[in-house]
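Please look at the sequence and the model shown here before reading on. The text below goes through a few places in turn.

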Amino acid sequence: MEFFNFHHHDYTKKFGIYNLKLREVPPLNFFSAGIHPQDITWNFEEDFLWLKTVSKSKNCVSIGECGLDGLIEIDDNLQHEIFLKQIELANALQKPIIIHCVRRFSQLLHFKKKAKVPMIVHGFNKRKTVGEELLKNQFCLSFGKSALYDVNLQDFLKEIPIGQLFLETDSADFEIKDLYYKMAELRGYTIEDFQEKIKENLKNLQITI
Ligand SMILES: [Zn+2]
């Protein structure tokens with residue numbers, strides 16, 4: 001049985017969405033492509049041309065990770081501009097957006113209004129109130145390693161709508177399978193039924209596995 005890894009950085013992993021590095025040549029399987037806030041430079045126009053080309057590939061199933069980061073040196077206005085450009089690209093291509101967000105959750109809602117495609121906040125491990133606000137505004141959430149042991153997060157996971165959920169390793173070193181088993185247990189699903197739910201969620205993003 002294979003377990004779909006919604007967001008990861010391991011080029012050799014096949015079953016999931018590989019997050020392409022800036023200007024990297026895409027793998028033969030699913031990937032997402034975007035300009036991470038950390039990778040923003042004043043030369044972003046050229047990077048954006050690369051992104052426009054690479055994102056046309058049918059294996060590019062999502063734009064991202066992109067978004068807002070309050071802990072880095074990059075100017076906020078520049079971050080906003082580049083995030084918005086990527087939202088517009090995703091709208092044009094009709095591909096979902098994988099979001100990186102650090103300390104800027106309140107601003108995300110404004111950007112959500114601009115998106116005509118689903119938005120998935122990856123690596124969610126914040127307070128339940130933050131998560132509830134995002135869910136109410138139709139964001140999906142993807143959970144990683146913290147969900148294996150963080151009891152507060154697990155409490156939240158017990159009640160979130162199953163249709164707005166994904167699982168990922170991001171860059172952490174653990175088996176995605178363990179997270180699937182944990183979630184199935186938290187929600188009282190068999191592992192097969194839980195996998196089926198994730199498969200349906202992927203289908204809602206036009207990702208067929
Ligand atoms: Zn990542």
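What follows starts with a metal site, then turns to backbone angles, a strand residue and a pair of helices.

This is a predicted model, in which local features need pLDDT of at least 70, side-chain atom pairs count only at pLDDT 80 or more, and totals for chains, interfaces and linings use all residues. Residues are numbered from 1 along each chain as its sequence is written, and side-chain values use heavy atoms, with hydrogens and water left out.

Begin with the zinc ion. Its coordinating residues are His7 (NE2), His9 (NE2), Glu65 (OE) and Asp170 (OD), at 2.1 to 2.3 Å. Donors here are N, O and S atoms within 2.8 Å of the metal (3.2 Å for Na, K and Ca); water is not among the atoms, so sites may look incomplete. Along the sequence, the donor residues follow the spacing H-x1-H-x55-E-x104-D. His9 belongs to the loop between β1 (5–8) and β2 (16–19), while Glu65 belongs to strand β4 (residues 60–69), so this pair ties together parts that are 56 residues apart in sequence. Helices (H or I, at least four residues) and strands (E, at least two) are DSSP runs, numbered from the N terminus.

What is the geometry of the site of the zinc ion? The angles among its 4 donor atoms run from 86 to 175 degrees, and the site is irregular. Four donors count as tetrahedral if all angles lie between 85 and 135 degrees; four count as square planar and six as octahedral if opposite donors are over 155 degrees apart and all others between 65 and 115; anything else is irregular.

His9 is partly exposed, at a relative accessible area of 33%, whereas Glu65 is buried, at 5%. Buried means under 20% relative accessible area, exposed over 50%, and partly exposed in between (1.4 Å probe, protein chains only).

The backbone comes next. Most residues other than glycine have a negative phi, and most peptide bonds are trans. The peptide bond from Gly64 to Glu65, however, is cis, with omega near 0 degrees. Arg23, in the loop between β2 and β3 (31–33), has a positive phi, near 70 degrees, and is not a glycine. Arg23 counts as partly exposed, at 45% relative accessibility. Gln206, in the segment after α7, also has a positive phi, of about 65 degrees. Gln206 is exposed, with a relative accessible area of 64%.

Ser32 sits in strand β3. Is Ser32 buried or exposed? Ser32 is buried, with a relative accessible area of 0%. Beyond its neighbours within four places in sequence, Ser32 has contacts that include Ile17, Tyr18, Ser62, Gly64 and Glu65. Contact means heavy atoms within 4.5 Å.

Helix α6 (residues 176–187) and helix α7 (residues 191–204) pack at an angle of about 105 degrees, and their axes are 9 Å apart. Axes are lines fitted to C-alpha atoms, for helices over the stretch in contact, and angles run from 0 to 180 degrees between N-to-C directions. This makes α6 roughly perpendicular to α7 (angles under 35 degrees count as roughly parallel, over 145 as roughly antiparallel, 65 to 115 as roughly perpendicular and the rest as oblique). On the α6 side the contact is made by Tyr180, Tyr181, Met183 and Ala184, and on the α7 side by Ile191, Phe194, Gln195 and Ile198.
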